[in-house]
Amino acid sequence: MSNPLADMDKPDVIFCIGTNMTECHPVAATRIKQAIKRGAKLIVADPRKISLANMANLYLPLRVGSDVALLLGMAHVIARDGLVNRSFINDRTDKGEAFLEHVQQFTPQWAAKISGLNPCDIEQAAHWYAQAERSAIYYTLGITEHICGVDNVQSLCNLALMTGHIGREGTGINPMRGQNNIQGAGDAGAVPANYPGFQPVTDPLSQEKFKQLYGREMDPEKGITKVSALNECGKSIHAMLIDGENTVVSDPDRSHCLRSLESLEHLVVIDIFLTETAELADVVLPATAWGETDGVCVNTERRVQRLRQAVPPHGEAKPDWWIISQIAQRLAVPGFEFESAKDVFNELCSLSPIYAGLDWDRIEKAEYQWPVPEKDHPGTPILHVDEFKNGRGLFSLIHYRDPAEVVDENYPVWLTTGRRLEAYHTRTQTGRAAGIDYLLPEESLEVNPENLAEWNLTDGGYANLTSRRGTVKIRVKSSGRSPLGTVFCSFSFNDVPVNILTGSGYDPVTETAELKVCPVRVEPA
Amino acid sequence: MITESKPVVTATMTLDGREVTYTEGETIYEVARRANIEVPTLCYDPRLEPFGACRLCIVEVEGGRNPVASCTTPAVAGMVVHTQTEAVEKHRRTLLELVASENPEENINPLRGYASQELNQLLEKHDVQPGRFQGKHSGTSNKDDNPFILRDYNHCISCYRCVRVCAEQEGDHAITMMNRGFEKQITAEFDIRLKESACTFCGQCVQTCPTGALGDRKAMRAEAQKEDFKKTRSVCPYCGVGCQVDLLSKEDRLVGIQPAMDGPANEGALCIKGQFAFDFVQHEDRLSKPLVRGEDGKLHEVDWDTALDRAAEGFKKVRQQHGNHAIYGVASGRAPSEASYTMQKFIRAGFGTNQIDNCSRA
Ligand code: SF4
Ligand code: SF4
Ligand code: FES
């Protein structure tokens, strides 16, 4: 997030797109509720009538996968009606003129045709967002899990840049992170393109730095992404070390994923349960769980916080860092003589510019949001205040693209997937918490009541859901949250392996799977 | 539209003979608290709009006819306030006696909730014995089979904190008051089960209840265990909001969760996952020993050395046969940062490649 969570009750206009915040980030959503009470206007764009939509002053029920069209249409209106922030564009950005010219072609009527929205709603959203003193954008996977995920994000940046709604309190572009430490994993360098602290692996200076630190030549090329690695299993990838991820259930196109992992010569999985993925491994190593180990995690607002041990490890479980270090030592890799989580974290701080001012003891009270470039730096709650990371903000000239697969005669219904309040991810954790089943005993497919009759389904009965990749049987639930012609379910339940169906395409830049859009056929089972 | 912030206006007033400075808009109670003067409260929760229902926080203002509730009365420049006069003390005692009389005498276990000891502590401090009025108890326990929230209305003192936290903090309006006076009881809309209401089981009502009338059923399972519980500050293991929590443990058992009132991301709030979904940690399905695949194709329990040797051996073999790039590491977005750091170092220092990613793409 460019702005802190505490900022969420400060905007005059809040634009939520592709985020089911009340279910996925409930505590953040409480701040939005408070902002509304204080008089802020809420705009919600989401294909499903989620509960955030019920609180909205303006609800935009766009067709799944049509976000870019909506955002281009809004940019058009803002430019056309002279609502751009000229001085911000001149002082802080590049390619502004080209962008303003580029959006002239994308009228609200054009955007309406693609998104199924009413053109006057697109105008209204554009006016509210641009005219307010402070406007903030919040989004989650509904924006990124598309073949055009990067285009979606850049379209949002364009809006913020043209109106100057960034770098100030109560503004910004704020992705909400789904997992407790996904931010920390990226910060720590667990990505193919960056060393710790987002130092690019293709930068010769950084290569030299890590050559010195790690004592060997560094590959000047980026690594491949996990999605590519799964495609390469048995071809160029032959061994994997997977930590705490239930790839088989969480990733798209489950049968492909199973085949991939099975074709490895060597698979080592570190986890707290024998997950569907661990069951395929040659070696399974038991890790300590949350509450059993000390460590650090970084939340969605870049706040670096300590996790603390409260109870002893289960059985012989060991901390992840210890397990990986032990394997490294057995391969005679130097530099793995860590004795505590503190040792590891302090090493990370010593070589990451964004953590340079931090160490284990300084984060005791969780008061720092990175970047913290030096000791006694107060941290950076708001990003891009006077300058963007690379100097100036760059507009991107985006065009709308259809999803990888669109509905047709054989697959006439849009399936979109997501999460539910009571279940987390693949339920390896929430599924084992006493009482959760009381509220959410099983998965079901949310179908608009009018579609029920049309497709010969009964509320509470079963349906077969078929995509180009497979079929899944699922209970049917009548729900006004689903628009006509679009159905929804989550991927949390292993007995309803929805990710057999998904996986039609990937974003060409990030290789994020298009989990939000999948044409299907729905038939009574 | 929200107005721009105004410059801060400060002024002074006198509290128990001391001159104190305050910021315009502060209540007498807030000023007193900052000045370290203790004023008892029951219906007050710093996160909520002041309500003025219990009248326990009354103080005398010179020149005023009656004592006022300090939690709802704004400080005024030059005001002279007495918080501990005899009359005020007497009034508070009477109020506490009245409240006590409505409640059955019972030890409320602190596992019930964060604020569950407030009333009992006040009674003890003011040396009030329950039972003087022999009043009629308000409300009866509601039969609700939900596994998370106990509703034990015999202990309810109608402070409305639960109702207000639900409406003001959560914006859910799942609970309301029914009836009035001794008949009144806090209940879900239309007296239905919470499951059928708008309740999201965030547990906020439980944690703010000052009497234990609302209780954390999951934590209460450990009431029978005699030891005191220990609190360990940590962060919720679920989503990226990063709410701070206190883990409650008894001996080696994790028994419950309470929100951290000073957690920067949550300021005392949690959702159902952070509040109630913690017991995966000590679940019987947990892996307790390393496993390796045997000749028979099945996974078998082994000791750490055997497993680690086998893990390392496999990577060595693949490196020899297929080169460094054939080995790939997937880090976890759920594990602490130290796990991700060591994983990327393992790949980069161990094999010289960048064949590393985390699970954010799925
Ligand atoms: S249930 Fe607890 S919080 Fe709610 S009104 Fe009664 S005493 Fe107050
Ligand atoms: S309590 Fe809920 S909102 Fe807070 S971090 Fe945990 S899952 Fe997220
Ligand atoms: S605390 Fe002031 S009236 Fe209850």
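# Charges and a shared ligand site

D262(B) is exposed, at 55% relative accessibility. It pairs with R233(B) in a salt bridge, with the closest N and O atoms 3.0 Å apart. This is a predicted model. Over all chains, the structure holds 46 salt bridges. Side chains of opposite charge can pair when their charged atoms come close.

**Salt bridges in chain B**
- D262(B) and R233(B) form a salt bridge. The pair links distant parts of the chain, 29 residues apart: D262(B) is in the loop between β12 and α7, and R233(B) is in strand β10.
- R233(B) is partly exposed, at 26% relative accessibility.
- D279(B) forms a salt bridge with R221(B), with the closest N and O atoms 3.3 Å apart. These two partners are 58 residues apart.
- D279(B) is buried, at 15% relative accessible area, whereas R221(B) is exposed, at 52%.

**Salt bridges in chain A**
- R80(A) forms a salt bridge with D81(A), with the closest N and O atoms 2.7 Å apart.
- R80(A) is partly exposed, at 43%. D81(A) is partly exposed too, at 31%.
- A network of salt bridges links E23(A), R48(A), R420(A), E443(A), E446(A) and R481(A).

**A negative patch**
- E227(B), D228(B), E251(B) and D252(B) gather in a patch of negative charge on the surface.
- E251(B) lies in the loop between β11 and β12 of chain B. E251(B) is exposed, with a relative accessible area of 59%.

**Ligand 2**
- Residues from chains A and B surround ligand 2, so the site is shared between chains.
- Among the surrounding residues are P26(A), V27(A), C236(B) and K273(B).
- α2 of chain A and α7 of chain B each supply at least two residues of the shell.

Conventions:
Residues are numbered from 1 along each chain as its sequence is written. Chains are lettered from A and ligands numbered from 1 in the order in which they are written. This is a predicted model: local features need pLDDT of at least 70, side-chain atom pairs count only at pLDDT 80 or more; totals for chains, interfaces and linings use all residues. Side-chain values use heavy atoms; hydrogens and water are left out. Patches are made of residues with over 30% relative accessible area and no salt bridge: like charges are joined within 9 Å, nonpolar side chains (Val, Leu, Ile, Met, Phe, Trp, Tyr) within 5 Å. Accessible areas come from the Shrake-Rupley method with a 1.4 Å probe; for residues, only the protein chains shown count as cover. A salt bridge is a side-chain nitrogen of Lys or Arg within 4 Å of a carboxyl oxygen of Asp or Glu. Lys and Arg count as positive and Asp and Glu as negative; His and the chain ends are not counted. The place of a charge is taken as NZ of Lys, CZ of Arg, CG of Asp or CD of Glu. Helices (H or I, at least four residues) and strands (E, at least two) are DSSP runs, numbered from the N terminus. Buried means under 20% relative accessible area, exposed over 50%, partly exposed in between (1.4 Å probe, protein chains only). A residue is near a molecule or strand if one of its heavy atoms lies within 4 Å of it.
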